[in-house]
Every structure is written in structure tokens, then in C-alpha cells.
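Hello,

Here is the structure we talked about handing over. Please open it beside this message; my notes follow below.

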Amino acid sequence: MHPTRKAVVTAAALLAMATAAGCEPGGGATASHRSSAKPGCPTALSGAKQAVKNAEAVNAPWKGPTTGPKAVHGKTVVYLAETLTNPGVAGVAQGVQEAAKIVGWHARTLNGQGTPAGQRAAFKEALHLRPDGIVISGFDPGVAPDEVKKANVAGIPLIGWHANPAPGPNDDPKLFSNVTTRVEDVAKISADWIIARSNGRAGVVLFTDATVPFAKHKSDLIKKELATCSGTKLLSYTNMPIPQVNSRAIGEVRSLMSRFGRKWTYSAAINDLYFQHAAPALRAAGKDGAGAPFNIGAGDGDPSAFQRVNGKQFQAATVPEPLSEQGWQIVDEFNRAFTGAKDSGYVAPVHIATSANSGGALSWDSEGYRQAYRKIWGD
């Protein structure tokens, strides 16, 4: 059994014990932050607690495709990365490389350097290489409309990863498929975790990247779900583009601490990367890595995020994308495109990883996805 799944069983047992004792999940050393006052939103809190329980306890055997076309060989695909400093984008790239090797394809990764100009340049280079397929990973295809049109005219299938708010095919821009969990589910469970863990009384800072429509849509949905609980207050909605997080995070965190002090008890961010760079400022301010503000990353669940969560170092939870699994899914979707089949329609389930249920793992994927895809491909 995967270590995550073992830990889920343990976590579920502990949850049952805590409930029987009249305690909340996640109690113990960090329980003292919760107010003894009445919940800030009894109805919303009840729903949030149930949703979080389900997401934390999810045991995810493979529920993706089990049938499809046998693998065609000798194909070339180019993976266009928004920026390889984004661990989620880099993690999916590794999954694509791994799966491409299995089916005998050549996969090349080009770095968009985190800017529209860099992404357009990478796209131009990809077209020059005349590949069989192109992945648009982590950025809006709208930044390169001419290149998208050229790919469409040339009959080169495009597959997105977080390139659109919704999973599946897209007509404008034309994508064979967009691989992602449902942003609505990720956003809602991230906000519900804050509501549930704080007993409906939290002062929240929300970090976003308004330059990426997918990211902005996600944070808007988090904001909307937080608003369902009257006792949860959004202190700040902070725009910090991902490529600038490294240089801006320390200053932003210091400013937020100065403005809100102890009122700032929880944070959510559209990507775990924010907490990697916020940690030094919180540490310098004498904050406890296992204490407030309690931080949840609404994607992507890269290994460094799991390390922070497992070590209780300024990140309490992540809503991970199954990064490697999604890289394999991208290769499978390309194989379907190359053979004239429809997209698989598969969307990975939403999950919350904490130190209580991660089992010390540094990633989260559905069980058995490699075996399932290899069986489909005839490997």
C-alpha cells in the first residue's frame, strides 16, 4: 500500500477517536489557536468539516481510463513550461518525460522563463522543431495567439496543463484537452479547510497571480467560498505574480504582519511556492513553523511543499495535483489525438495532504496509474 494510503487509515482512526472524545480533527499541539467561542458560521462550518474529512481521507485507487488506443511509436512532443522555477510545472514535465520514454517518444522541454515574451519565444521555437504535439503548461494560450493558430493550421494537437480554467477539450483556443483537477473543487476545499480548522473564525490572507487567468479564477473562487462563513474575514487579497514571488515575498509578508499582527491566522495561496518564500520572513519574525498563520497551498503539491507540510514548517496543508500522473495522462491524451480517438475525459480527484495523512510521502498520485496506462498502451 502507498504510504499516503496507510497514513489515511491511521488518520481516519485518530479522527474517530477525537470525535468520540469531543475534540476537533487536527487537535493537540495546535488546538490552542481555536476560539472557545461559538462557531462563526454553524451551517457553513458543518458542510466544510464534512468536505474536508472526505478530502483528507480519500483513498484513491485508479479511476481513470482503462481502455484506449495502443501506443504509436516514434512521436516527438514539446513541453512549453510557463517557468521551470514553478515546481508544479516542472513536476508535470518530469512525468511527461517518463511516460514518453515508455512509449518510445522524444520529449523536449522549453522554458518560457515566466514572461509572455519568453513563452511566445518558446512557442516559436517549438513550431520550428515541427513536433507531433505541443504541451502548453501553466500559462494562458492567449499570450501567443499567432503561434496557437499556426499549430492548429499545421494540425499539431495542443494539450494544456492548467492552461484553461476547465479540464477537457477547448474550442477557443483550440486544445485537444486541458489536464487539471477541477479548479472549483480545489478552491472550495482550500477555503473549507480554513473554515473547518478555524471553527469558522479566521483572519485570512489570500495570495494570487492575477496575470494568469487560471490562477485568478481559482483565488476568486477561494474568496467566494470563504465569504460563506460570516466569522471568516478576508484581511488581504494580495496579487503577487509567481515569477516575482522570490523577490517580493519577504517584503509583502513583513508588510502584512505589520498591518494585521495576530489577526492574521490563516493563509491560502494559488500555489505552494508562495509559502516557500514566505517562510523566511515568518521565521525571522519569530513565528512558530507549526503555528499561526496556518497556510494551505491550493496547488500544486510539489515535493518541497510536502517537506514543509510534513515538517510543520510554515505550511499546514496542500491540495496537491497528481503531478507525475498528469504527465502520464498528457502522453495518453496525445496518443488518443494521434490515433483519431476522443480525449479520455478523466479528471483527477481532489485531495488534502497534511502531516497527519501524508505518511511522509513527497507526492500524491492515484494508485496504479502507471500500470493502467502501460496496459492501455500495450507496453
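Q113 sits in the loop between β2 (106-111) and α4 (116-129). Please keep in mind that this is a predicted model. The phi angle of Q113 is near 65°, a positive value in a residue that is not glycine. Q113 has a relative accessible area of 54%, and since the cut-off for exposed is over 50%, Q113 counts as exposed.

K312 also has a positive phi without being glycine, here near 55°. K312 is found in the loop between α10 and β10 (317-318). At 45% relative accessibility K312 counts as partly exposed.

Next, the cis peptide bonds. One runs from A292 to P293, with omega near -5°. P293 belongs to the loop between α9 and β9. Another cis bond joins G299 and D300, with omega about 15°.

D300 is buried but has no salt bridge. Which side chain of opposite charge is nearest to D300? It is K218, 4.9 Å away, and a salt bridge needs the charged atoms within 4 Å. Leaving out residues up to four places away in sequence, D300 touches N86, G88, W161, H162, N271, D272, V319, P320, E321 and L323.

On to helix α2, residues 42-57. With 16 residues at 1.5 Å each, α2 should span 22 Å, and its end C-alpha atoms are 23 Å apart, which agrees. Which residues of α2 are buried? They are L45, A48, V52 and A55. Viewed down the axis of α2, the buried residues fall within an arc of 95°, so they line one face of the helix. These buried residues pack against α6 (183-197). On the face turned away from the buried side, α2 carries the exposed residues P42 and T43.

Last, the aromatic residues. How many aromatic pairs does a search of the whole structure find? The search finds 11. One of the pairs is W62 with Y373, which is edge-to-face, with 5.3 Å centre to centre and 65° between the planes. This pair links distant parts of the chain: W62 is in the loop between α2 and β1 (76-81), Y373 is in helix α12 (residues 369-377), and the two are 311 residues apart. W62, at 15% relative accessibility, counts as buried, because the cut-off for buried is under 20%. Y373 is buried as well, with a relative accessible area of 0%.

F207 and F275 form another edge-to-face pair, 6.4 Å centre to centre and with 80° between the planes. This pair, too, links distant parts of the chain, with F207 in strand β6 (residues 202-208) and F275 in helix α9 (residues 273-284), 68 residues apart. Both F207 and F275 are buried.

W62 and Y373 also belong to one aromatic cluster, together with W328, Y346, Y369 and W377.

Regards

Notes. Residues numbered from 1 in each chain as written. Predicted model: local features only at pLDDT ≥ 70, side-chain atom pairs only at ≥ 80, totals over all residues. Heavy atoms only, no water. Buried < 20%, exposed > 50% of the residue type's maximum accessible area, 1.4 Å probe, protein only. Lys, Arg positive; Asp, Glu negative; His and termini not counted. Contact = heavy atoms within 4.5 Å. Helix = DSSP H or I, 4+ residues; strand = E, 2+ residues; numbered from the N terminus. Expected span 1.5 Å × (residues − 1). Arc of directions from axis to C-beta. Phe/Tyr/Trp six-rings, centres within 6.5 Å; stacked < 30°, edge-to-face > 60°.
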